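Hello,

Here is the structure I promised to send over. Please have a look at it first, and then read my notes below.

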Amino acid sequence: PTDISDAIDRPDRVVWVDLTDAGDDDLARLREEFALHPLAVEDVLERRQRPKLETYPDHVFIVAYGGVDDPLDLPEVNVFVGSNWLVTVREANRAGRRFPVEGVLRRFERLHGERPTVGFLLYVLLDGLVDEHFHILDRVEGDLDRIERRALESGNGGGGRDRSAADRALQEDILHLRRELIILRRRVVPLRDVVTSILRDEVPWISSEERVWFQDVLDHLLRIADTVDSQRELLGNAVDAHLAMVSNRVNEIMKKMTSWGAILLGATLIAGIYGMNFDEMPELGWRFGYPGALGMMVVLTLGLFTYFKRRGWL
């Protein structure tokens, strides 16, 4: 590390320093060797910053996030860029995973041409960071398809514990996926502003020829942002479909309960009439009064049952 200052004094070289789990001592040494601005170093120590680009007199500071399987826990990548040097400080997420730079290095060595530049190295790094998000979107797309099928199937069957448990599980998955899309959008949209700043020539060490490459990164970011917005809209449609299915299922249950209530109401009405304690009720002294009342109850009950059955309420 003490030879870094000597290496960056040679303009024909590009120096890339990569740190993982950098501590205070490591950052203090970097600050001394590269003359980093203390505010940028402070942002590295605080972690979980939003994607951004900050310009200082002799370097720029970029915060970005790499792609892993979990959009809620993307690993942070802090980048310092100078005239002929680049420093990456890669932080691990809660699962201990970091954005892998091996593929970035191989691609840079394969494509940089006769004279490597820090501008092309930054392009390859940002392009690798952005492309990782497409894998996340593919996984989210699969989760969204499964949620849509489950939402459409939620109207089948009646109630019960199994149906209620399935509804709760579906709601939890919907909320989890919605949160993933929100966090993913928060990591992508500000990074679009970072690339736009580079295209506006706010990084003086990137030539006009190299800025053309960053237009490809911006196109990828726009595609990702559009896909995230589309998936959020589809998820909202799945929520509406699920609520509609649940409402229809509740309506079917209410129709059945109403039908049975109406069926029992007829017999209850007859029993209530002849259960009144009046002395002058002609049917009370009738020989066939009791079987006649029972017969009316049976006929009325069967008639109402047949009616509601034909209407599809039972």
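The notes below cover the sheet, the helices on it and one arginine.

This is a predicted model, in which local features need pLDDT of at least 70, side-chain atom pairs count only at pLDDT 80 or more, and totals for chains, interfaces and linings use all residues. Residues are numbered from 1 along each chain as its sequence is written, and side-chain values use heavy atoms, leaving out hydrogens and water.

**The sheet.** An open, mixed sheet is formed by 5 strands in the order β1-β5-β4-β3-β2. Its edge strands, β1 (15–20) and β2 (52–55), each pair on one side only. Here strands are DSSP runs of E with at least two residues, helices are runs of H or I with at least four, both numbered from the N terminus, and two strands pair if DSSP finds at least two bridges between them. β2 pairs with β3 (residues 60–65) in the antiparallel sense over 4 bridges; K52 has V63 in β3 as its bridge partner.

**The helices.** Helix α2 (residues 24–34) packs on the sheet and touches β1 and β5, where contact means heavy atoms within 4.5 Å. Helix α3 (residues 38–46) lies across β2, β3, β4 (76–81) and β5.

**R90.** This residue sits in strand β5 (residues 85–90). R90 counts as buried because its relative accessibility is 9% (buried is under 20% relative accessible area, with a 1.4 Å probe and protein chains only).

Best wishes

Conventions
Buried < 20%, exposed > 50% of the residue type's maximum accessible area, 1.4 Å probe, protein only. Axes fitted to C-alpha atoms, helices over the stretch in contact; angles between N-to-C directions.
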